[in-house]
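Subject: Structure handover

Hello,

Here is the structure for you to open. My notes on what I found follow below it.

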Amino acid sequence: MTVSAHNVVKTFGGRSVLTDVSFCVGEREVMAVLGQADSGKTTLLKILSGCIRMSSGSVSIGGIDLHRHPRAAKRFIGYMPEGTPVYPAVTAREYLSMLAELRGMNTKNAAKNADALADRFSLDGSAVIITLPPRSIRLLTLAGALAGDPQGVILDSPTQGADPDTTRLIRSCIADIGRQKCVIMTTTSLHEALSSATHVLALSDGRVSLCTSVESLRSSMAGSFRIRLRVVATVDMLFRMKDDIDEIMDMNILHTGDGNITDIEVETVRQTDVQQHIWRYSADHDIPLLEMKNLGITEDDLYLRLSGHIKGGGFQ
């Protein structure tokens, strides 16, 4: 079972929230939709779950067009909305059984499915939801996404605001679900995306800034690193150095002091011995090199770049 989107656009009151979003995620794959607040993550998941309509584009779930056949398409997927929206006056078992029936199970099988999910998440099925602690309610909403045994699961910020123990349990559950089903989840944490997903879709201002496998993303992180330099040179001289040394992908001027003593960071290709190129260039162009230090590429650096807050080479 696959979920695919093609050139999805969503506008609200003339304001573009999603622009030409396209991707495809298949069975036994977990795609993390990564981005900061207001990047369009929740809007995208509401479209995929059939809660709101897109302005243009198309979505296919299990080969069924979501716009033309919404009821048939939505039976393939379970949905965990952002937050914990549940019916407070029913029991946990009644809530799960209702969702299972909505996804096509008969009453008897829905009841069995509800009991199995309550056991899986250590929930008291007979407890009225309003009496449950916050941890149990969050786990109940996750269980609700699995009610009826859908082939795909859509999870909006499943660990947001959860305590560390609950977060670990939910991430473990996502990994388990991903071994059997198609999973799409949102997160603001690159660490969570790298540890829980097989693929990453990064959104920045409603546009796709990256869509790739986690394996490829890790290779990108390993393939680049940063060097901090202290040199005696003008800014113009340094940017000429950037242009002349092909291995330098990006340069950031940190501080310029008296006597043109300047601190900079450069992002480079790891596979090459760029330090030798910098030493040789500095000597050939009479640029005193006072300090050189390797820094590496951190997850924070990569996250800011993917979310559009830093412009630089390698990850755009």
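Helices (H or I, at least four residues) and strands (E, at least two) are DSSP runs, numbered from the N terminus.

A word on the source. This is a predicted model, where local features need pLDDT of at least 70 and side-chain atom pairs count only at pLDDT 80 or more, while totals for chains, interfaces and linings use all residues. Residues are numbered from 1 along each chain as its sequence is written, and side-chain values use heavy atoms, with hydrogens and water left out.

**The helix pair**

Helix α3 covers residues 92-102 and helix α4 residues 107-120. They pack at about 130°, with axes 8 Å apart. Axes are lines fitted to C-alpha atoms, for helices over the stretch in contact, and angles run from 0 to 180 degrees between N-to-C directions. That angle makes α3 oblique to α4 (under 35 degrees is roughly parallel, over 145 roughly antiparallel, 65 to 115 roughly perpendicular, and the rest oblique). Contact means heavy atoms within 4.5 Å. From α3, the contact uses Arg93, Leu96, Ser97, Ala100 and Glu101. From α4, the contacting residues include Thr107, Asn113, Asp115 and Leu117.

**The six-stranded sheet**

An open sheet of 6 strands runs in the order β6-β7-β8-β3-β9-β10, with mixed pairing. Two strands pair if DSSP finds at least two bridges between them. β6 (77-80) and β10 (207-213) are the edges; each has a single partner strand, so one side of each lacks a neighbour in the sheet. Neighbouring strands are turned by 15° against each other on average, direction ignored.

Strands β3 (residues 30-34) and β8 (residues 182-187) run parallel, joined by 5 bridges. Val33 has Thr186 of β8 as its bridge partner. Helix α6 (residues 164-178) packs on the sheet and touches β3, β7 and β8. Its direction makes about 150° with that of β8. Helix α1 (residues 41-48) lies across β3, β6, β7, β8 and β9, at about 155° to β8.

**Around β1**

Strand β1 (residues 3-12) pairs antiparallel with β4 (residues 56-61) over 5 bridges. β1 is also antiparallel to β2 (residues 15-25), with 7 bridges. Ser4 stands opposite Ser60 in β4 and opposite Cys24 in β2. β1 and β2 form a hairpin with 2 residues between them. Gly13, in the turn, has a positive phi of about 55°.

Best wishes
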